[in-house]
Amino acid sequence: MSQTPARNCTMCGTPLPPEQRFCSNCGTLQEIGPVKPTALNSGASNFYQGETANSVPPPPPVQSYTSYPSSSPSAPQQFPPAANYGMPQAQQVQPVPNYAMPVKDSSKGVLGQLGCGVIIVILLIMVACGGISYFAYTALRHLPSTVGTTSNTGSSSGGNNAPTTQPPITTIPFDAAHGTVTYASLKMTIVDVKQSTTFLDDSFASTNGVLRLDIKEEAPSKVGIFAYSQVARLILPDKTTVQPLNEQNSTAPTGGTARNNWLDFAVPTSVKAAQVTFVLGTDAEQQIQIPLTGKADLSQFQDKAAPQNKQTLYHGLKWTITSAATSLSSSGQQAQKGMVYVLVTMSVDNPSSNYFTQYYGDYMRLKSGGTTSEPSTDTTVPLSFDAGSSGKTGVAIFQVPPGASYTFILLADTANNVSQASIDFQV
């Protein structure tokens, strides 16, 4: 009898028994080879010829063959595979191959990522809605008086109990001498102070009492950018601080313009205007305080200037201070708390044959008491002086504590063997 050749799985190469039709490792259907399950070979024919019609062998047991039948005499009789009898063989139960195993469910990770994304979108929508609400509130706050709104201190002029005619108004007039100050380079003049239970032209005015400042604004070419809600306050007799309720124009005017404006504050009519102080400036700035009496002395908040005509030599050039001034603001900026701006106007002549050029921040200083400061970037002193030039002018701007006297310093240049020079002056 011929030896059946060894067989391997055509898919994964696993060794297979001779008549096994499916790979035990991957489950791939295998070709049996020349032995066909539907045909009988000659040996099988001879076998059947030796049997009578009534001695058909019983069908083979339903089981899987994973090895050859044992040839041991004591082993139970094993029948040949069902294929040799032309009978269908029971389907073999094979282990599930690795590639057919179900993949671990990754839907939870996907859902988790989707959930985070949804949460982020919801948060962004909430932030956007908050921003829209803020701008809507600001727009409503400054709508014309025909639109009724509710104030944060009482009923608005558009409420059911609001008057339809203007209630009586008490007025305190101001003259320019007692009502003009400069804040962040903006010249402001209080024209008058008015008090009433409400003002019909302010849609946000309380009906419990309103104090109004009528002001005139004059802006130079460079003015500070600010909102009155941030820098304007009233101090009541009990030291309570009140911020603006509404403004005709809520922010500073643009440079080079002039206009009229009003600021409304919620103040009970029982509080007299002459007992109230108007404050300009934040807590970090030099504040301006104006008692609303109409006769307050505001000289301490005014700019001061004094002619000088003092000279010194430095790098072969003649430096002359022609005037000096102090101010609480400069170039659109309000001075810091406890500080003032000192503006030094000078003229420079260069009678030498040497060309001089240097950045003013490298060699200019101003000393006030124990503080020495560099010039600000708004300084206009020229950066160079030609040989033989004369009459070049500029303003050096410093921020220092206010003092009785000041010292303008030109620092020593040791590299060029130039000594320090200075000029003392008062304002």
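**Reading side-chain features**

Analyst: Let us begin with burial: Cys26 is buried, with a relative accessible area of 6%. Please bear in mind throughout that this is a predicted model.

User: Is Cys12 buried or exposed, or does it fall in between?

Analyst: Buried means under 20% relative accessible area, and exposed means over 50%. Cys12 has a relative accessible area of 35%, so it is partly exposed.

User: How many disulfides does the structure have?

Analyst: The general idea is that two cysteine sulfur atoms must lie within 2.5 Å to count as a disulfide. By this rule the count is 0. For Cys12, the closest cysteine sulfur is that of Cys23, 3.6 Å away, which is too far for a bond. For Cys26, the closest cysteine sulfur belongs to Cys9, and at 3.6 Å this is also too far for a bond.

User: How should I read aromatic pairs, and how many are there in the whole structure?

Analyst: One looks at the distance between ring centres and at the angle between ring planes; planes over 60 degrees apart count as edge-to-face. A search of the whole structure gives 13 aromatic pairs. In one of them, Trp319 and Phe385, the ring centres are 5.7 Å apart and the planes stand at 70°, so this pair is edge-to-face. Trp319 belongs to strand S14 (residues 317-327) and Phe385 to strand S21 (residues 384-385), so the pair ties together parts that are 66 residues apart in sequence. Both Trp319 and Phe385 are buried.

User: What is the arrangement of the rings of Phe398 and Phe408?

Analyst: Their centres are 6.4 Å apart and their planes are at 70°, so this pair is edge-to-face. The pair links distant parts of the chain, with Phe398 in strand S22 (residues 392-400) and Phe408 in strand S23 (residues 406-410), 10 residues apart. Phe398 is buried at a relative accessible area of 0%, and Phe408 is buried at 1%.

User: Over the faces of which rings does Arg212 lie?

Analyst: Arg212 lies over the face of Phe199, 4.3 Å from the ring centre. Arg212 also lies over the face of Trp262, at 4.0 Å from the ring centre. With a relative accessible area of 5%, Arg212 is buried.

User: How many salt bridges are found, and which residue forms one with Asp214?

Analyst: A salt bridge requires a side-chain nitrogen of Lys or Arg within 4 Å of a carboxyl oxygen of Asp or Glu. The search of the whole structure finds 7 salt bridges. Asp214 forms one with Lys194, where the closest N and O atoms are 3.3 Å apart. This pair links distant parts of the chain: Asp214 is in strand S6 and Lys194 in strand S5, 20 residues apart. Asp214 counts as buried at 14% relative accessibility, whereas Lys194, at 24%, counts as partly exposed.

User: With which residue does Asp201 form a salt bridge?

Analyst: Its partner is Arg212, with the closest N and O atoms 2.9 Å apart. Asp201 is in the loop between S5 and S6 and Arg212 is in strand S6, 11 residues apart, and the pair links distant parts of the chain. Asp201 counts as partly exposed, at 43% relative accessibility. A further salt bridge joins the side chains of Arg365 and Glu374 (3.6 Å, N to O), and Arg365 counts as buried at 15% relative accessibility. Salt bridges with shared partners join Asp201, Arg212 and Asp264 into one network.

User: What is the nearest side chain of opposite charge to Asp202, and how far away is it?

Analyst: Asp202 is buried yet has no salt bridge; that nearest side chain is Arg212, 4.7 Å away. Asp202 is placed in the loop between strand S5 (186-196) and strand S6 (210-218). A polar atom of the Asp202 side chain lies 2.9 Å from the backbone nitrogen of Phe204.

User: Where does Leu236 lie?

Analyst: Leu236 is in the loop between strand S7 (232-235) and strand S8 (241-242). Leu236 is buried, with a relative accessible area of 11%. The C-alpha atoms of Leu236 and Phe278 are separated by 9.1 Å, and these residues are 42 residues apart along the chain.

Terms used:
Residues are numbered from 1 along each chain as its sequence is written. This is a predicted model: local features need pLDDT of at least 70, side-chain atom pairs count only at pLDDT 80 or more; totals for chains, interfaces and linings use all residues. Side-chain values use heavy atoms; hydrogens and water are left out. Rings of Phe, Tyr and Trp (its six-membered ring) pair if their centres lie within 6.5 Å; planes under 30 degrees apart count as stacked, over 60 as edge-to-face and the rest as tilted. Helices (H or I, at least four residues) and strands (E, at least two) are DSSP runs, numbered from the N terminus. Buried means under 20% relative accessible area, exposed over 50%, partly exposed in between (1.4 Å probe, protein chains only). A charge sits over a ring if NZ of Lys or CZ of Arg is within 6 Å of the ring centre and within 35 degrees of the ring normal. Lys and Arg count as positive and Asp and Glu as negative; His and the chain ends are not counted. A polar contact is a pair of N or O atoms within 3.5 Å; within protein, one must be able to donate a hydrogen and the other to accept it, and residues adjacent in sequence count only if both atoms are side-chain atoms.
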